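User: I am new to reading protein models and would like to learn how to describe one carefully. Could you take me through it, feature by feature?

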Amino acid sequence: MPSSSSRLLLRDVRIGPGGPLRHVLIVDGRVAEVATEPPACDESVDVGGATLLPGLWDAHVHSVQWAQARRRIDLTSARSAREAVDLVAPRAGTAGFTVGYGFRDGLWPDTPDKSLLEAAAPGCPIVLVSNDLHTAWFSPAALAVIGRGGHPTGVLRERDCYDAMAQMPPPPEAELDRWVAEATTAAAARGVVGVLDFEFADNVTDWTRRISRGAVDVRVSCSIPVNRLREAIDRGLRTGEPVAGSGGLLEVGPVKTFVDGSLNTRTAYCADPYPGGEARGLLETPPEELYGVMELAAGHGIAPAVHAIGDLAVGIALDAFERVGCPGRIEHAQLVRPEDFGRFARPGLVAGVQPAHAPDDREVADLHWRGRTGRAFAYADLLAAGARLELGSDAPVAPLDPWDGIASAVARTDDERPPWHPEQAISLPVALAAAGRGRAGVRPGDPADLMITEYDPAGLDGDGLRHMPILGTLLGGRWTHRRAI
């Protein structure tokens with residue numbers, strides 16, 4: 001990415017929460033000076049006392065699914081299978097798929113089934129996708145299109161869900177690329193300068209193509225799905241290395257593998273059974289298979305990112321990192337056994353967590369993880385044990401807006417409900433750094449990946465943080481969002 005070669009001066013900016021007013025000079029895409037007196041410049045922007053912070057990263061997104069979800073029928077208000085059908089049926093048609101997104105069936109009193117969709121919209125191809133992306137609910141016509149007309153219920157979970165969604169006819173490539181690019185521009189308007197993309201695709205190739213087609217307003221760490229690991233090895237991809245031809249916007253990310261499922265789908269792999277039976281969730285990848293994948297990846301310079309939500313799954317992931325001895329990530333870590341917190345302190349291990357999920361899932365956790373929620377979404381305990389946290393959204397599971405996650409991490413609620421396990425809240429400075437890929441301030445020599453907030457975040461409560469107005473975002477010294485300055 002070509003960086004700005006002019007000398008851009010941000011005048012009268014507050015340096016960090018509660019910090020002093022200074023003048024910040026940006027040269028060749030980097031912070032050149034933080035001064036008490038205005039240095040010489042080619043362009044000067046009076047910020048008027050607004051706050052300058054490192055730009056934010058969303059450390060867990062699914063870019064294509066997020067771009068599509070922004071255009072799908074919103075099912076988040078559905079409190080039953082019947083309500084979900086009632087939301088989507090009036091917009092269903094016989095030509096092309098009608099897709100809804102965002103239902104949570106963990107507390108529903110009734111059961112999804114293809115017959116409900118058929119009765120409401122006969123012959124229409126309809127697909128409803130759960131908020132956690134682990135369940136897809138197909139109508140009979142939709143099942144027929146993907147060659148699964150004999151499925152008994154139309155409700156597909158985990159790998160069946162992923163495979164079925166991959167069989168759906170995609171939008172035209174150019175149109176989908178435009179949707180993804182528009183989503184990066186929207187993210188930049190919330191102060192985002194980078195994302196770690198866990199889309200189930202050839203992300204290096206896809207993002208390289210998107211950059212060639214026009215503006216992409218964030219940096220991207222391009223993950224590798226586990227079924228593409230050998231292909232990535234053959235291509236010589238290594239985690240952390242820049243992608244050729246991307247102008248510095250792209251880097252190779254980790255390889256993603258799964259130990260278990262999700263809480264809302266009741267497939268998170270747990271030490272204790274779910275209420276009403278003996279099921280403890282789903283073990284997606286047995287330990288020996290996981291070790292083999294991680295050893296293969298690490299041996300070729302590719303760091304593993306291991307999806308683990310239930311406490312048994314988290315323990316298996318930690319066992320694997322200890323056995324293989326490589327750096328990498330554990331994604332989600334929503335429920336952790338008491339004896340496992342200290343194991344997150346190993347060098348090179350990142351806990352990729354999504355704080356917005358805690359208020360979203362608190363009722364489901366209180367039901368299905370009853371008696372254990374003191375160690376669920378336990379960010380304060382992870383930090384106290386020496387873990388390194390990076391915040392993400394898992395968009396579209398939560399919106400691609402790091403301020404939503406920051407507010408949830410600090411306040412442990414997102415509405416009028418009292419904080420849920422407030423002892424697991426973390427401080428604002430820690431949350432900002434965890435949402436900024438570890439950057440805790442603005443210093444000379446840093447990349448000019450920056451954001452300007454209208455208010456000083458130090459004085460805001462959770463609601464104020466969640467709705468923080470962003471006056472400007474800079475990516476390598478280039479404005480990707482600019483308002484009122």
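This is a predicted model: local features need pLDDT of at least 70, side-chain atom pairs count only at pLDDT 80 or more; totals for chains, interfaces and linings use all residues.

User: What radius of gyration does the protein have, and what would a compact globule have?

Analyst: The radius of gyration is taken over C-alpha atoms, and the globule rule is 2.2 Å times the number of residues to the power 0.38. For 485 residues a compact globule would come near 23 Å, and the protein agrees, with 23 Å. Along the principal axes, its C-alpha atoms fill a box of roughly 70 × 50 × 50 Å.

User: How many helices and strands does the protein have?

Analyst: Helices (H or I, at least four residues) and strands (E, at least two) are DSSP runs, numbered from the N terminus. Here there are 15 helices and 21 strands.

User: Which strands form the open sheet, and in what order?

Analyst: Strands of a sheet pair through backbone hydrogen bonds, either parallel or antiparallel. Two strands are said to pair if DSSP finds at least two bridges between them. The open sheet has 5 strands in the order β7-β8-β9-β10-β11, with mixed pairing. Its edge strands, each pairing on one side only, are β7 (73–74) and β11 (155–157). Within the sheet, β8 (residues 98–103) runs parallel to β9 (residues 126–130), and 5 bridges join them; Y101 stands opposite V129 in β9.

User: Which strands does β5 pair with?

Analyst: Strand β5 (residues 51–54) pairs with β1 (residues 7–15) in the parallel sense over 2 bridges, where I15 stands opposite L52. Strand β5 also pairs with β19 (residues 450–453), this time in the antiparallel sense over 4 bridges, and M451 in β19 is the bridge partner of L53.

User: Why is helix α13 described as largely enclosed?

Analyst: Buried means under 20% relative accessible area, exposed means over 50%, and partly exposed lies in between (1.4 Å probe, protein chains only). Helix α13 (residues 402–411) is largely enclosed by the rest of the structure because 9 of its 10 residues are buried, including W403, D404 and I406. After α13 comes R412, whose phi is positive, near 60 degrees. Over the whole protein, buried residues make up 58% of the 485 residues.

User: Is W369 buried or exposed, and which residues does W369 touch?

Analyst: W369, in the loop between α11 (357–368) and α12 (379–384), counts as buried at 0% relative accessibility. Contact means heavy atoms within 4.5 Å. Not counting residues up to four places away in sequence, W369 touches several residues, among them L263, Y274, I309 and F377.

User: What accessible area does D360 have, and which residues is D360 in contact with?

Analyst: D360 lies in helix α11 and is partly exposed, with a relative accessible area of 26%. Leaving aside neighbours within four places in sequence, D360 is in contact with R104 and D414.

Notes:
Residues are numbered from 1 along each chain as its sequence is written. Side-chain values use heavy atoms; hydrogens and water are left out.
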